[in-house]
Every structure is written in structure tokens, then in C-alpha cells.
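Open the structure in your viewer and keep the selection tool at hand. We will go from stop to stop, and at each one you will hear what to select and what is there.

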Amino acid sequence: MDGSLLKKDDKRKNDLLKLDDPKEGFNKDKIKREMLIYSFAFGILFDYFFIWDSFGINLTLFNFAMLAVLIVIIYPCVNFKNKLSYIFLIPYLLLSLSYSIYTNEVFRFLNLLLLPFLLISYIMCIKSDEISINLSFIKNVYNKIFGTIIKSLPIFLKSNKFKIKEEDIKKNSNYKYIIRGILLLMPMLFIIMFLLCSSDMLFEKFFYKLLQDFYDVRIKKIVGHVFVVFMVAIYLFALFFRIKHEKYTEYFESSTDKKETIKWNYITVATIIIGINLVYLSFSIVQFSYLYGGGNGELPLGVSYAEYARKGFFELILITLINFLIVLCCKFFTEGQTKKTERFCNVLYTIMIGFTYNILFSAYYRMNLYESKFGYTRLRVLVEAFIFLLTIILIVVLFRIWKKSFPIVKYITIITFSVYVVLNYANIDRIIVQKNVERYKVEGKLDISYINKLSYDSYFEMAKLLDMNDKTIKTEVMGYFETHRIDLVGDYDKWYEFNYYKNKFKNYK
């Protein structure tokens with residue numbers, strides 16, 4: 001009897017060693033397929049149970065299911081007889097069950113932090129015979145939980161990368177590159193569409209109507225749910241992988257010794273750029289119909305032209321930065337190009353830059369309308385300056401697209417520092433007061449409380465406010481000058497503290 005038990009222990013140890021060897025089973029489609037199924041199943045379950053819903057029996061069921069799946073993943077290398085494991089299993093089961101019974105907010109929060117630790121600790125205990133609870137064990141557990149956050153995407157992409165055989169390439173298998181491009185395009189479109197819909201209510205209405213004709217769902221909900229499912233699935237895939245393959249790090253280190261250069265096929269890149277350009281084309285149509293047309297298009301009931309234009313410039317600037325990165329990455333990492341295909345890709349990049357200019361102009365136009373309606377502030381003026389900087393940088397990107405030897409980093413650095421220095425000497429506080437006064441003459445509105453918070457640099461324009469007929473504004477400005485003059489008399493009293501505008505304020509009479 002004892003001999004048979006020893007044989008079983010030896011077999012389990014051999015299975016465990018084999019399981020921990022990244023070279024054993026890492027590339028087996030069955031293992032990867034199972035992990036993908038489990039991770040995406042839990043991603044969907046997470047989204048269904050927890051998004052916009054409170055914790056109850058849903059968390060109990062989720063935790064029990066997670067425990068069962070982790071045991072299945074490491075099977076047959078499990079040892080349920082390890083008494084040390086019960087230190088973690090019993091609290092895990094009881095604390096998970098407590099969510100379906102009690103509602104104490106403090107304990108619920110603390111349990112959320114403790115449950116992952118208990119789960120991973122239990123799995124590590126039943127997976128290994130030679131284990132003890134010490135600082136190294138705790139560190140290892142937390143590395144599994146939190147270290148996976150950083151390593152999840154590389155593990156997911158590495159273990160699920162496409163493999164195209166040479167004989168398939170010879171058989172004109174371009175469709176594989178197109179499929180790869182579509183798969184890479186999908187998450188990009190989710191992000192871009194979310195930002196575009198957030199930036200423009202009419203584009204959101206247009207796209208929602210288009211989607212409603214087919215699916216009768218809201219685009220924001222689709223994007224949100226898909227994003228949650230993917231994020232949870234990617235994290236759990238990496239976590240499952242790290243638990244099943246303890247020595248995965250060695251695999252990645254050995255596989256990257258050759259320092260492979262990242263390269264993308266031009267067909268994949270073209271597929272991505274064409275898909276994004278089609279989305280930008282539809283967005284541009286909406287912009288020309290409503291925004292640039294002076295509001296001639298039919299706006300939603302109760303929405304004024306200024307209110308329509310006030311939203312979205314920050315989202316549009318973020319899209320511009322995304323486009324900038326996409327074009328440069330595609331340009332630098334595309335391979336397999338002839339002169340003809342390179343020219344074709346360059347045309348696609350140029351079209352994308354053209355749409356990006358439209359997006360930038362839309363952001364500037366919206367900001368300009370917003371300022372004319374609600375006034376000028378430092379943030380709004382600096383946003384306009386940043387839009388101007390991006391406009392110039394995109395010209396540099398265009399040069400780099402058509403001329404490989406063009407030193408893009410050098411010129412972007414020169415332009416960025418130049419614009420920044422000009423901003424320092426442009427005296428934006430003076431411009432803000434000047435523009436707000438001009439708006440006051442038209443609209444009859446002036447946020448004098450905000451203007452009073454500006455720096456001494458606005459001296460000359462502030463002095464002009466004293467000539468206004470509005471007694472309220474005049475009184476507030478006089479108080480502003482007097483307050484700052486008194487402050488400077490006490491603090492600004494040494495020759496080496498000299499400052500031009502401070503001196504103007506101090507000598508004001």
C-alpha cells in the first residue's frame with residue numbers, strides 16, 4: 001500500500017515538473033484554447049454580474065467558479081491532502097459566502113482585498129508539496145496577483161500570436177494578413193468610436209441610428225461591455241498562464257535572445273488604416289453638415305448651436321495624438337514593401353493625416369465657439385496653442401511619410417521648444433483680459449472674478465477696464481489694483497526682486 005502511494009506521489013511530482021516546464025505544453029493548442037475559453041467566459045461573467053450591479057450572491061458564485069476552474073487548470077498536479085492549504089481555503093469559502101448574507105461596507109471592502117490573496121495562496125499550496133508560509137511565499141502570491149496586471153498584455157499576445165508557415169505564404173495567403181489587420185483594427189475602432197461619439201452628439205446619433213437598424217443597441221454600451229470583457233479576459237488569461245507555467249519568464253527570456261525586430265506586414269497595416277479612414281470619413285461628413293455649416297443642419301430639439309459645439313475638443317485632441325502614434329508606428333514597423341506598395345501605404349497615411357487636420361480644426365472651431373459663448377481662460381487659450389502645435393507637428397509627420405531620411409525627432413523637438421518659448425513671451429494673461437473685454441462689448445458679460453485671479457502680466461489691459469462705464473466692474477478693478485499694490489509694498493522691497501509687471505502694479509496710482 002505504501003509503495004503504491006509513493007508511486008502516485010512520484011507520478012504527481014513528475015507531472016508537476018512537466019507542467020512547470022514552459023517548453024512542455026506551452027505551444028499546445030488545446031491548453032491555449034482552454035485558457036482562452038475560461039478567461040473569456042469569466043470576462044463575460046464579470047461583466048454580467050458586476051458592472052453597475054451591487055455585490056451579493058453574484059460574488060459568491062463568481063469566487064466559487066474561479067476556485068473550481070483554477071483547480072481544473074492545474075489538474076492533475078493537485079494535492080488536496082496538504083493540510084496547510086485549508087488555512088486559506090476555509091476563510092476563502094466563508095468570506096465569499098458572506099457577500100450573500102451580510103452588508104457591512106467595511107468588511108466587504110476589506111474582503112475584496114483579501115479574497116484574491118486567499119485564492120492564489122490556496123492554489124499554490126495544493127500545487128506544491130514543499131511549501132511554507134513565509135515572507136517569500138507572500139511576496140510570490142502578491143506578484144501573481146499584481147505583477148500580472150503589468151505582464152498580462154505581453155503574455156496574452158505572446159502566447160496567442162499568429163504563426164504563418166512559409167508554404168502558406170507561397171500559396172498567396174494574403175487573407176491571413178487581412179484577418180490579422182481586422183483583428184487588430186477592432187480594439188482601435190472601439191476606442192476611436194467611443195471618443196468620437198463622446199465628442200459629438202450628432203455623430204453619436206448618426207452612428208447609433210446606423211447601428212440600431214441592425215442590432216437595436218447603444219454603441220456606448222457595446223463598447224463599454226466589450227472593453228470590460230477583454231480587459232478581464234486578458235488579465236485572467238495571463239494569471240491562469242502564470243499559475244500553470246511557473247517558469248514562464250524563462251520561456252520569454254529564451255525566446256527573445258535573438259532580439260527580434262518588430263515588423264508588420266504592409267497588408268495588415270493597410271487594412272487597419274483603411275478601416276480607420278472610413279470611420280473618419282463618416283465623422284467628417286457629420287462635421288461639414290452641422291458644425292461648419294453654421295448650424296444649418298437639424299440639431300436635436302432643445303440644443304443650441306453653441307451648446308452643440310461646446311463639447312468634444314479634448315476627445316478630439318486625444319484622437320489626434322492616437323493618429324499621430326498610429327501613423328508613425330505603421331511607418332517605422334511595416335515590412336515586405338515594394339516601391340509600389342510603399343507608395344500606396346504612404347497615400348493612406350496622408351489621407352489619415354488629412355482627416356486628422358479636419359479633427360484638429362473641429363476641436364479648434366469648437367473651442368473658439370465655446371470661448372465666444374462662455375469666455376476666455378488660461379486652459380482654453382493653452383488648448384488652442386496646443387492645437388496649433390499639433391498642426392505644425394503633423395506637417396513634419398507628412399515630410400517623414402514621404403522622405404525616410406527626414407529627421408522627425410529633431411524638428412519636433414525644435415518646434416515644441418519654440419512654441420513653448422513663444423507662449424512664455426506672448427503674455428497670455430493680457431490676451432485673456434483683452435479677449436474677454438471684446439466679448440463684453442458684444443455680449444455684455446464679463447467674469448470679473450476670474451480676471452481678478454490672473455497674474456500681474458495683465459496690468460495694461462486691467463488698467464483699461466478703469467475707463468469702462470460699468471460702475472460694478474470699475475469698483476472691482478480698483479479694489480484689485482489696491483489689494484495687489486498693498487501686497488507688493490510689503491513683499492516686493494528689494495532691488496534684486498525687480499520684475500517689470502510687479503513694478504508697474506506697485507507704482508500704480
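Start by selecting Asn427, which is found in the loop between helix H17 (408–425) and H18. Helices here are DSSP runs of H or I with at least four residues, strands are DSSP runs of E with at least two, and both are numbered from the N terminus. Asn427 has a positive phi of about 60° although it is not a glycine. With a relative accessible area of 11%, Asn427 is buried. Buried means under 20% relative accessible area, exposed means over 50%, and partly exposed is in between, using a 1.4 Å probe and protein chains only.

Before you move on, a word on what you are looking at: this is a predicted model, in which local features need pLDDT of at least 70, side-chain atom pairs count only at pLDDT 80 or more, and totals for chains, interfaces and linings use all residues. Residues are numbered from 1 along each chain as its sequence is written, and side-chain values use heavy atoms, with hydrogens and water left out.

Now select Asn436, whose place is in helix H18 (residues 428–443). Is Asn436 buried or exposed? Its relative accessibility is 5%, so Asn436 counts as buried. Show the residues around Asn436: not counting those up to four places away in sequence, Asn436 touches Gly375, Tyr376, Lys445, Leu446 and Ile451. Touching, or contact, means heavy atoms within 4.5 Å.

One of those partners is Leu446, so select Leu446 next. You will find Leu446 in the loop between H18 and helix H19 (448–451). Leu446 is buried too, with a relative accessible area of 17%. Leaving aside neighbours within four places in sequence, the contacts of Leu446 are Asn436, Val437, Tyr440, Ile451, Leu465 and Ile473. Try the distance tool on Leu446 and Gly375: they are 71 residues apart in sequence and 7.7 Å apart in space, C-alpha to C-alpha.

**Along helix H12**

Select helix H12 (residues 266–291), where Leu281 lies. Leu281 has a relative accessibility of 39% and counts as partly exposed.

At 7% relative accessibility, Asn277 counts as buried. Which residues is Asn277 in contact with, leaving aside its neighbours within four places in sequence? They are Leu348, Ile351, Met352 and Phe355.

**Out to Tyr75**

Select Tyr75 in the loop between H3 and helix H4 (86–98). Tyr75 counts as exposed, at 56% relative accessibility.

**Into a pocket**

Select Phe46, Phe62, Leu112, Pro116 and Tyr235, which lie nearest the centre of the second largest pocket among its 26 lining residues. The elements that give two or more residues to this lining are helix H2 (29–50), helix H3 (57–74), helix H5 (105–127), helix H6 (135–159) and helix H10 (219–244). H5 gives the largest share, eight residues. The volume of the second largest pocket is about 730 Å³.

On a 1 Å grid over the protein atoms alone, a pocket is an open set of points with protein on both sides within 12 Å along at least five of seven lines, and lining residues have an atom within 4 Å of a point. Grid points are joined across faces, edges and corners, and a volume is the space filled by probe spheres set on the points.

Colour the lining by class and you have 25 nonpolar, one polar and no charged residues. Nonpolar here means Ala, Val, Leu, Ile, Met, Phe, Trp, Tyr, Cys and Pro; charged means Asp, Glu, Lys and Arg; the others, Gly among them, are polar.

**Last stop: the whole protein**

Zoom out and show the cartoon: the protein has 22 helices and two strands. Of its 509 residues, 42% count as buried. Among contacts between residues at least 6 apart in sequence, 75% join residues at least 24 apart.

Note on methods:
On a 1 Å grid over the protein atoms alone, a cavity is a set of points where a 1.4 Å probe fits but cannot get out, and a pocket is an open set with protein on both sides within 12 Å along at least five of seven lines; lining residues have an atom within 4 Å of a point.
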